[in-house]
Amino acid sequence: MNEIIESVKNLSIGFNSQKGKQISILRNVSTNIKKGETVGIVGESGSGKSTLALAMMGYIKQGLFPLKGECLFKSKDLLKMSSRQLEKIRGRKIAMIPQNAGQALTPNLKIGYQIDEALKLHTDLNKTERDKKISELLNKVRLPSPETMAFRYPHELSGGQQQRVAVAMALAGKPDLLLLDEPTTGLDVTTQAHVLELLRFIAKDTGTSMIYVSHDLGAIAQVSDRIVVMYAGEIVLEGPARKILKEPIHPYTYGLLKSIPKLSLAGLPASMPGSQPQPGSINEGCSFYDRCNLATDNCKKNSPDLEHIKELDTNVRCFNYRELINQNNNLQTSITKKLNNSEANEVLKLMDVSISYAKQKFFDQLLNKISDQNPTVKDINIDIKKGETIALVGESGSGKSTILKSIAGLLKTKDGQIKFENDRILSSDLKMRNPNDLRAIQLIFQNPDESLNPNHTVEQILSQPLKLYFNLSGEELKKNIIDLLKKVRLGEFYMSRYPRQLSGGEKQRVAVARAFAAKPDIILCDEVTSALDVSVQAAVLNLLQQLKEDLGTTYVFVSHDLAVVRAISDRVAVLYQGRLCEIGPSQNVYKFPSHPYTEVLLGAVLEPDPDIKPKLVAEDIVEEKPPEKGCSFQGRCPRKIGDICNLEVPPWQIGENGNAIRCHINIDELASLQQ
Amino acid sequence: MLLLILKRIGLGLITLFIVSLITFVGVEVLPGDACTTYLEREAYGAALDACIKRLGLDVPAYERYLDWASNVVRGDFGYSLSGEMPINEVLGPRVKNSLVLASVSILIGIPLAIVLGIITALWRDKLPDIMISTITIFSMTIPEFISATLLILVVAIWLGWLPGIVIIPSDATFYELLSNIILPVVAISMIMTAHMARMVRSSVIQVMASDYVQMAILKGVPYWKMVFRHVLPNALLPAINVVALTIAWLLGGVVVTEVVFNYPGLGRLVIESISNRDLPVVQALAIILASIYVGINLIADLMTLMLNPRLKSLQIRK
């Protein structure tokens, strides 16, 4: 167990800036990987974690080069090897499982060929032995019918299956060390939990060492023996997983853990101020100085060394870590938010809304109707009260974004009505809506990089809705823009900046400001925090909550992240395959009894706590189309009772606390089953 | 799949129909008719009447169109005015000559372009790339009539290695043609090759930066194996359509080059028949060139469809 297989010594990697300055992305990183252990490397985007992981395979991305230090694999420096020598090690001794298997599998080659390629390169097996081995490997990663799977192309598999193929490919060469670069990011919650479970099984089964790189402390907590926390290209904390997650003694890790929304806690997570510094911007002092609440003058001038603390078996890079020891009992706290007054009037009503993506047949086009018997979204009835935050939750394909687009008028509904304020019907055609209705409903998109025009300054971006809806100009326009920026906590000087000059969190704030510029009644939030780092996510969530409390806006909040939804929403609607499964006040939806699908989702959530393991109750199969008859969840339901589920649409049952569940199982019975 | 191919072919036929209509209408609305333009100052009295009778211009336009179109479908383009011989006989050798010129250019140009594109992409920003890229960009910017003229000046006049203009009858054999077409081929393929090489280069560079290539490297796949198995099939696929467009676009280059070199091909026939006001021939040429254009694009579409596993299974599933 104590044999070191790879050791990184004083590694710095950097690039030359346009001004000819040397800028480091990794600074003086040292760590050891022991045989059979799983090390989690955690950090936010830009912390250098992927660069470190790739360097451990002797791979340095184009444009970067090693400045100093070495990566010793079995005491040979990978960074000094020729590509011939590296080909012998990659895939055979150290193998990689990539972040996005969908893009990391070569599209024109069949799955079987790609695994065979690794076998041919790294083993001496002959053709028949290799074919047998391919089946074995596909079986090991629990892919259905391995024989036919080998003849499929990557695009014919679901995201989870692609990831499993990547795992099989990595295992082909029987490596001593597996590198996993965000292997579950981008997968659905239930799929993610299944893939993690598989990885844990493989680590145990084969005794392979693993390096697990992720931004997600929840995933890291599930697999790691040891955790390395990176910040701005440095290791700031390193130690046994349990210690790091339960008693973090670095202020960054402490803040990071506090900013993660947790299922068990209502209310918003505490946010950390600021964002990670850009590479090259720190010349002296601690890189965490300007975000740290323990910082002293010493921290500004001197940068702390990584200090080994014997009694905790931990390395920490902080002068003041002692203040955090014994102070960790308040990790499980959150900011309580003002509850919505549920007596308020309904502002938006969805009545029997169905939406279809089916292509119109020629005659239907003429008659302007859609004749799809099994639409993507069906029978959605939701009343949204003024000033509340209602969340739509579900995995990909659940129709949550589709509903949002329909409310915004971007997608026509097939059936049903959307009523706005005093039962006025909103046309499903955007062009038919009046300007005031358009103003009243605003959208915030998932990715601010794509929703903000890169050629416009912040001032131009914010002035567009103000000009369009309120005809402002000159001084008044400018005053309004400054007010808006102030509302989202950005200074006046941001006006002249372009989106590329802003950090991810700042961009999303501008997007929020743009939505609020229209003085809307309803804001539709489409996965608004998914593209953000955890610490920034908490800040944006807090901002949204603050704005809502001040201005009384109504949010329709779409997310796949149940913990985020728990933090922000007053009410939750759970969707599967475009059909409502459960709806109710969020504190009740997160309690049992709940719909079997909600139960599956809740069980699969990964908490940043090694003691809370996900519960895998349903298979992570992907259904392409909703079933034509019966309950939408029949295909995966762990509590299916029989034919009635296949044939009849289940009835709504109302629980004690007002959450409605659509299931054939009696609600009291569900409660006792789920105890 | 079959349905899709039939659909594409159908669309191509519709395009051709529209082209034929446009050319016919275009010819119709010109002031005067084929006889007046052809006979010029003698276009009066008995000669004009005889001509009109001979060409059947006294029947209404739509009837003439139907008549003409039904003949074209059967492969008969009617009579040319100047030679007073069947257009098919005029066209036959010209089509052959132009096909020889174009296909030799394509056979040399496409492989060369692919090789150059790959070299420049793999040695990106290194010496081979800088040299080849400079040359390709340079030859892209020179229009054919200038490069052709320069080639004649340097190779034919100063060096005296090859004939400057083609002085062979239009029914010359393939071997007679070959020594004569070297310079025209160079002139045509220069621009075409340059365009395609740039396209292949950017496509290969894009694929080289993809996740799956990084994955192949990290899997331990040797460099050249990775290039041939993982990079090229994916990089060349999108190039097929561009190649088709370039070939179609090459037709225009062929016209210009043929005139400069006095080459007896379709291109020169276009110019000749236009200046002779030989409208039936112009009509025939328009249809032929359009069919080539449509045909090449059809082939390219079908090839992409066959080679791309994504599109293939998409079609089958539907």
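This is a predicted model: local features need pLDDT of at least 70, side-chain atom pairs count only at pLDDT 80 or more; totals for chains, interfaces and linings use all residues.

Biologist: Over how many bridges do strand 16 and strand 17 of chain A pair?

Modeller: Two strands pair if DSSP finds at least two bridges between them. Strand 16 covers residues 415-420 of chain A. A:Ile418 stands opposite A:Leu426 in strand 17 of chain A. The two strands pair in the antiparallel sense, and the number of bridges is three.

Biologist: Which residue takes a positive phi in the hairpin of strand 16 and strand 17 of chain A?

Modeller: This hairpin has three residues between the strands. The phi in question is near 40 degrees, and the residue is A:Glu421.

Biologist: Which residue stands opposite A:Ile418 in the pairing of strand 13 and strand 16 of chain A?

Modeller: Strand 13 (residues 346-355) of chain A pairs with strand 16 of chain A over five bridges, in the antiparallel sense. The residue opposite A:Ile418 of strand 16 is A:Leu350.

Biologist: What is the order of the four strands in this open sheet of chain A?

Modeller: The pairing in the sheet is antiparallel. Strand 14 (377-385) and strand 17 (424-426) of chain A are the edges, as each pairs on one side only. The order is 14-13-16-17.

Biologist: How many residues of strand 15 of chain A are buried?

Modeller: A residue is buried if 20 or more other C-beta atoms lie within 10 Å of its own, exposed if 12 or fewer, and partly exposed in between, with C-beta atoms placed from the backbone. In a regular strand the side chains alternate between the two faces of the sheet. Here A:Thr389, A:Ala391 and A:Val393 point one way, A:Ile390 and A:Leu392 the other, and all are buried. So strand 15 (residues 389-393) is mostly covered, and the count is five of five.

Biologist: Which residue of strand 21 of chain A is the bridge partner of A:Ile390?

Modeller: Strand 15 of chain A runs parallel to strand 20 (residues 554-559), joined by five bridges. There A:Ala391 has A:Phe557 as its bridge partner. Strand 15 also pairs with strand 21 (residues 571-576) of chain A in the parallel sense, over four bridges. In strand 21, the partner of A:Ile390 is A:Arg571.

Biologist: Why does A:Pro499 count as buried?

Modeller: A:Pro499 sits in the loop between helix 18 (474-487) and helix 19 (504-517) of chain A. Leaving out residues up to four places away in sequence, A:Pro499 touches A:Leu452, A:Pro454 and A:Lys507 (two residues are in contact if their C-beta atoms, placed from the backbone, lie within 7 Å). A:Pro454 is 45 residues away in sequence, yet 5.7 Å away in space, C-alpha to C-alpha. A:Pro499 is buried because the number of other C-beta atoms within 10 Å is 21.

Biologist: What percentage of the residues of chain A count as buried?

Modeller: Chain A has 25 helices and 24 strands. The C-alpha trace spans about 75 × 65 × 50 Å along its principal axes. Of the 675 residues of chain A, the buried share is 50%.

Biologist: Which helix of chain B gives the largest share of the side that touches chain A?

Modeller: The contact takes 25 residues from chain A and 19 residues from chain B. On the side of chain B, helix 9 (211-218), helix 10 (223-261) and helix 13 (309-317) give two or more residues. The largest share is six residues, and it comes from helix 9 of chain B.

How values were computed
Residues are numbered from 1 along each chain as its sequence is written. Chains are lettered from A and ligands numbered from 1 in the order in which they are written.
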